[in-house]
Amino acid sequence: MKVFTAEQIRSWDQFTISQEPVSSIQLMERASMAVVHWISEHCKNHKKLAVFCGNGNNGGDGLAVARLLYLKGFDVDVFVSDSKRKFSEDASVNLKRLRDLSGISVRKFDSSEQYSFDDKTIIVDALFGTGLSGQLEGECKMLVEQLNTKKNIKISIDIPSGLPADGMFDNNSVILNADYTLTFQCWKRTFLHPETGKYTGKVVLLDIDLSKIYADATDSDYSVIDDPLAASIFIPRQEFSHKGSYGKAVIIGGSYGKIGAAVLATKSALKTGAGLTFTLAPEYGYNILQTSCPEAMFIKGGDTFILNFKIDKDVTCGAGPGLGTHSGTEKSFLNFLKNYSKPLILDADALNIISKNQENLKLIPEKSIITPHPKEFERLFGSTEDSFKRLELAKEKAKNLNIYIILKDHHTQVVTPQGNVFYNITGNAGLAKGGSGDILTGILTSLLAQKYSQEQTCIFGVWLHGKAADIASEKHSKESMLPTDVIDAFGNVFEELNRKTERNL
């Protein structure tokens, strides 16, 4: 699913209006009905709503929502601006429709200070949508500051008021802290970055049937990795195949005290379909690896640390989990990269070794996949002011080095050499534990060995990682789930993918 800018979304609305055809007020009603349906289904224990409406079309949505909810039996109070600024044409129509109903009170913003926000009252934010330029000011700024002090559930329509749609805000900006954001048709980029996404609460995407012709024909460098995209990449296993059909994966990792990282990566590669899986590790880890991963074969790379990186030519490598940065390992690993030209997966200590000298970046084989978390990225490429600038730097480095960068975050970003960015929307905070990255390395190594392209490997790999984590968190909770629980959930994900594939035949 593409991620469009605020300007592109406005054009999308206008294109839909001109092509369907549908009037702008009818499209507003369609969007409002989608919001009302969600609130009706999910807020059955809350029958009182305080709806705060601005003067623009986002306020028009709020006015329509208030009217429709009232007709469904909700107790609704509406608050509008004290200023004399005119309502937009569509908002004016919905204000008139609202005033024709005798059971809804329309109050001014300043009366909210004396309003009784009991614990059953939901606050609905329809002050400003994606059309806001600059920061909240005056009465709206004071209102949002006041509403942010309330413990009531807050639902923002389309976007939390004060939050830009496409980039970072100024440090002194005031933004509504929503518990839920009911947004229309596509994600906004600010929902997907940590500094800005924290204001949205849970994002709910509402389909209001905007033109598919526009969506298909309009270019965007940004997309989200959703279930349909992942399913379109998945290649079901063929009945008349054999282990040689699914490649050879080699996990290079492990050192004294860090053999567990190599175990997790190896188990992950085994459970995601590699035909043959090997682990190149120090002899110190032999018994551990052969006991915990009997299906994998062991390659001795040294005694306590890996000093020998000799591997066959017809394999796919994933290097870094628990590798360590021992001086002998570092020297041998850099020599390995100097003489190795096939794309490979680089993570953890492999990246830490490379980051010690900027010249080492040139040793990364073209079309390889690197998987840094923010601190590893900073060590590799330098610091940035925020995650938006970090992503721009990642795009530049991916292009210059001709590599794929998986920038790990709450919404992990896949950055291609062509400048495309894919945000992953699976996964949860339960992955914020040591070992989660090692699992991802195993997944990626396995998929690349199975002849998925680099881009497919990245997109499908991070989606699968997050999807399995979502299943694990439902069973064990985010607090108690372990990386091994995520590995155990891979089978559930593949089972569902295979069911979908069979249904589509």
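The model is predicted: local features need pLDDT of at least 70, side-chain atom pairs count only at pLDDT 80 or more, and totals for chains, interfaces and linings use all residues. Residues are numbered from 1 along each chain as its sequence is written, and side-chain values use heavy atoms, with hydrogens and water left out. The protein chain holds 18 helices and 17 strands. Helices (H or I, at least four residues) and strands (E, at least two) are DSSP runs, numbered from the N terminus.

**Overall build**

- The C-alpha atoms of the protein chain fill a box of roughly 80 × 50 × 45 Å along the principal axes.
- Of the 505 residues, 57% count as buried. Buried means under 20% relative accessible area, exposed over 50%, and partly exposed in between (1.4 Å probe, protein chains only).
- The accessible surface of the protein chain is about 22400 Å², and 49% of this belongs to carbon and sulfur atoms. Such areas come from the Shrake-Rupley method with a 1.4 Å probe; for residues, only the protein chains shown count as cover.
- Among contacts in the protein chain with a separation of 6 or more, 72% are between residues 24 or more positions apart. Contact means heavy atoms within 4.5 Å.

**Annotated span**

- UniProt, in an unreviewed entry, lists residues 226–497 as "domain: YjeF C-terminal". UniProt positions follow the numbering used here, feature names are shortened, and annotations may be inferred rather than shown by experiment.
- Residues 226–497 are 44% helix and 12% strand, and the end C-alpha atoms of the span lie 13 Å apart.

**Nonpolar cores**

- The largest nonpolar core has 55 residues; Ile252, Phe333, Phe336, Leu346, Ile370 and Phe381 touch the most other members. Helix 14 (residues 387–401) gives the largest share of this core, 5 residues.
- Apart from it lies another core, of 42 residues, including Ile39, Cys43, Leu63 and Ile104.
- A nonpolar core is a set of buried Ala, Val, Leu, Ile, Met, Phe, Trp, Tyr and Cys residues joined through side-chain atoms within 4.5 Å.
- Leaving out residues up to four places away in sequence, Ile370 touches Leu346, Leu351, Ile364, Leu380, Phe381, Ile403, Tyr404, Ile405 and Ile406.

**Helix 3**

- Helix 3 (residues 57–71) has 15 residues and should span 21 Å at 1.5 Å a residue; its end C-alpha atoms are 21 Å apart, which agrees. The expected span is 1.5 Å times one less than the number of residues.
- Helix 3 is mostly covered, with 12 of its 15 residues buried. Among them are Asn58, Asp61, Leu63 and Arg67.

- Glu20 and Pro21 are joined by a cis peptide bond, with omega about -15°. Pro21 sits in the loop between helix 1 (6–19) and helix 2 (24–42).
- Gln185 is not a glycine, yet its phi is positive, near 70°. Gln185 lies in the loop between strand 6 (180–184) and helix 6 (194–197). Gln185 is buried, with a relative accessible area of 13%.
- Ala348 also has a positive phi, about 50°. Ala348 belongs to helix 12 (residues 348–354). Ala348 is buried, at a relative accessible area of 15%.
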